[in-house]
Amino acid sequence: MLAAIRAIQVTPRGQDLVVWTDSSYLINGATGMHERKENLDLWEDLQRALVRKGGQTLFRYIPGHMNKTMNERANDLAQSSCGLPLPDECAMKSSRLTSE
C-alpha cells in the first residue's frame, strides 16, 4: 500500500495513472469493494493522495511472483529502494512514510 501511495504522490496533478498491483487487498479497499477495517491511517493517506492528484486512477491486478517480467522488475526496484529518502515534494505528513 505504501508503494501505491508513493506512486500516486509523485504523479503530476491531473495526470491519469494505472496502479498495477498483486494486492487484492489494495484493489478492493481502493475501489470500495472491501470495508476498510484495518490500516485506516494508510487508507486516509491513499485517499488524500488521490484527491490531491486528481485525474483518473485505475487499480489493476497482476499476479505476483509468477515470472511476469515487469512485475519481477518492479519488485526488484522496490526492494532496492527500501530505506532511500523520499524527495521533499513527495513526503507526507505521516511519519511512517517519510525517511528519517
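In this predicted model, Ile27 is in contact with Thr21, Phe59, Arg60 and Tyr61, leaving aside its neighbours within four places in sequence. Ile27 itself lies in helix α2. Its C-alpha atom and that of Phe59 are separated by 5.8 Å. Along the chain, Ile27 and Phe59 are 32 residues apart. Ile27 has a relative accessible area of 12%. Buried means under 20%, so Ile27 is buried.

The chain has 100 residues, and buried residues make up 28% of them. Contacts between residues at least 6 apart in sequence were also examined. Of these contacts, 68% join residues at least 24 apart.

Helix α1 spans residues 2-10, and helix α3 spans residues 40-53. Two packed helices are described by the angle between their axes and the distance between the axes. For α1 and α3, the angle is about 20 degrees. Their axes are 9 Å apart. Angles under 35 degrees count as roughly parallel, so α1 is roughly parallel to α3. The crossing of the two helices is left-handed. On the α1 side, the contact is made by Leu2, Ile5, Ile8 and Gln9. On the α3 side, it is made by Leu42, Asp45, Leu46, Ala49, Leu50, Arg52 and Lys53. The residues of this contact divide into seven nonpolar, one polar and three charged.

Arg52 deserves a separate description. This residue is found in helix α3. It belongs to the contact of α3 with α1. Not counting residues up to four places away in sequence, Arg52 touches Gln9, Thr11 and Arg13. Gln9 and Arg52 are 43 residues apart in sequence. In space they are 8.2 Å apart, C-alpha to C-alpha. Arg52 has a relative accessible area of 39%. Buried means under 20% and exposed over 50%, so Arg52 falls in between and is partly exposed.

Helix α1 was then considered by burial. Its buried residues are Ala4, Ile5, Ile8 and Gln9. These residues cover an arc of only 140 degrees around the axis, so they are on the same side of α1. What covers them includes strand β1 (17-21), helix α2 (24-30), helix α3 and strand β2 (57-61).

Not counting residues up to four places away in sequence, Ala4 touches Val19 and Leu26. Ala4 and Val19 are 15 residues apart in sequence. Their C-alpha atoms are 6.8 Å apart in space.

Strand β1 holds Leu17. Leu17 has a relative accessible area of 17% and is therefore buried. Its neighbours within four places in sequence were left aside in listing its contacts. The list reads Ala7, Ile8, Thr11, Lys53, Gln56, Thr57 and Leu58. One of these, Ile8, is a buried residue of α1. Thr57 is 40 residues away from Leu17 in sequence. In space, Leu17 and Thr57 are 4.7 Å apart, C-alpha to C-alpha.

Most residues other than glycine have a negative phi. Asn39 is not a glycine, yet it has a positive phi of about 55 degrees. Asn39 lies in the loop between α2 and α3. Its relative accessibility is 36%, so Asn39 counts as partly exposed.

Conventions:
Residues are numbered from 1 along each chain as its sequence is written. This is a predicted model: local features need pLDDT of at least 70, side-chain atom pairs count only at pLDDT 80 or more; totals for chains, interfaces and linings use all residues. Side-chain values use heavy atoms; hydrogens and water are left out. Axes are lines fitted to C-alpha atoms, for helices over the stretch in contact, and angles run from 0 to 180 degrees between N-to-C directions. Helices (H or I, at least four residues) and strands (E, at least two) are DSSP runs, numbered from the N terminus. Angles under 35 degrees count as roughly parallel, over 145 as roughly antiparallel, 65 to 115 as roughly perpendicular and the rest as oblique. A crossing is left-handed if the near helix is turned anticlockwise from the far one by less than a right angle, and right-handed if clockwise. Contact means heavy atoms within 4.5 Å. Ala, Val, Leu, Ile, Met, Phe, Trp, Tyr, Cys and Pro count as nonpolar, Asp, Glu, Lys and Arg as charged, and the others, Gly among them, as polar. Buried means under 20% relative accessible area, exposed over 50%, partly exposed in between (1.4 Å probe, protein chains only). The arc is that of the directions from the helix axis to the C-beta atoms.
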